[in-house]
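Q: I am new to this structure and would like to go through it step by step. Could we look at it together?

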Amino acid sequence: MIFVKKCSLVRLIIQYHKRLHSTGSSAARMKYLNQQEAISIDEELFNEYRFSVDQLMELAGLSCAHVIADAYAPDSLQSNKVLICCGPGNNGGDGLVAARHLALMNYLPYVYYPKRTEKELFKNLQHQAESMGITVTTDCPEAASVEGEFGLIVDALFGFSFKPPVRDSFLPIMNVLQRSKLPIVSIDIPSGWNVEEGPQSECDIQPACLISLTAPKLCAKRLLNAKHYLGGRFVPKRLEEKYSLDLPTYLSNNLFIKLN
């Protein structure tokens, strides 16, 4: 009986490593999207596949929260207080969703959300976060307080529609991010980067972790010594084949996959 159990365990270990090897091979073939391809895929998800914006935002933000929990467990940080910097677009919406889920995972999210929109979806996301006791503020945090109070920064300022340069109203928070020694997790695009060409100067932020959504964008090839995850397990197979995405296989019931 003991021998049979050991054999079964060995088979499970072998199968697991085969799956890991297969995933790594698939990730190497995976397509990296240019800006127009990323926009076109989003448009098809909305128009042809009838996903709603809030539906995709919830899936993306949830997967981001799970990535953060995998990459930076609360007890591994100098503080479980997380600064989440949200912009006015869908990337910022992903950050607001992630904040709500992180609050349920033993983190203390604190949201900097300076440029609000009148869209009902974003008002609801802010209300949901605040209803859970999460601070959502328009006051840019000082660099010294960030380094002293927080353990992690989530960059959800600009998404793949961004075109440099950064607007003046976001320069203060970008300066905080550029100077910070805390690990920064960027959602989909490191803010300030060109979507296809990557960082535009030596002063651009260098995230410790990037969470690509749907599929990586070309700028992800310019990452330096960063963890790279893929999140957003919702891409229809037909859409994946149309754009030759060659997405890696998600393991088990995970909402994300680590690419390196």
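Q: Which residue stands opposite valine 82 in S2?
A: Proline 109 stands opposite valine 82. This is a predicted model, in which local features need pLDDT of at least 70 and side-chain atom pairs count only at pLDDT 80 or more, while totals for chains, interfaces and linings use all residues. Residues are numbered from 1 along each chain as its sequence is written, and side-chain values use heavy atoms, with hydrogens and water left out.

Q: How many bridges join S1 to S2?
A: Five bridges join S1 to S2, and the two strands run parallel. Strands pair if DSSP finds at least two bridges between them. Helices (H or I, at least four residues) and strands (E, at least two) are DSSP runs, numbered from the N terminus.

Q: What order do the strands of the sheet have?
A: The order is S3-S2-S1-S4-S5-S6-S7-S8, in an open sheet of eight strands with mixed pairing. Strand S3 (135–137) and strand S8 (256–258) stand at the edges with a single partner strand each, so one side of each has no neighbour in the sheet.

Q: What about S1 and S4, how many bridges join them?
A: Five bridges connect S1 (residues 81–86) with S4 (residues 152–156), and these strands run parallel. Leucine 83 has isoleucine 153 in S4 as its bridge partner.

Q: Which strands does helix H4 touch?
A: Helix H4 (residues 90–102) packs on the sheet and touches S1, S2 (108–112), S4, S5 (184–187) and S6 (209–213). Contact means heavy atoms within 4.5 Å. The direction of H4 makes about 160 degrees with that of S1; axes are lines fitted to C-alpha atoms, for helices over the stretch in contact, and angles run from 0 to 180 degrees between N-to-C directions.

Q: Changing topic, at what angle do H3 and H5 pack?
A: Helix H3 (residues 53–71) and H5 pack at an angle of about 35 degrees, and their axes are 11 Å apart. Val53, Asp54 and Met57 of H3 make the contact with Leu121, Phe122 and Leu125 of H5.

Q: And glutamate 240, is that residue buried or exposed?
A: Glutamate 240 is buried, with a relative accessible area of 11%. Buried means under 20% relative accessible area, exposed over 50%, and partly exposed in between (1.4 Å probe, protein chains only).

Q: Where is glutamate 240 found, and what is in contact with this residue?
A: Glutamate 240 is found in helix H8 (residues 237–242). Leaving aside neighbours within four places in sequence, glutamate 240 is in contact with Val235, Leu245, Asp246 and Leu247.
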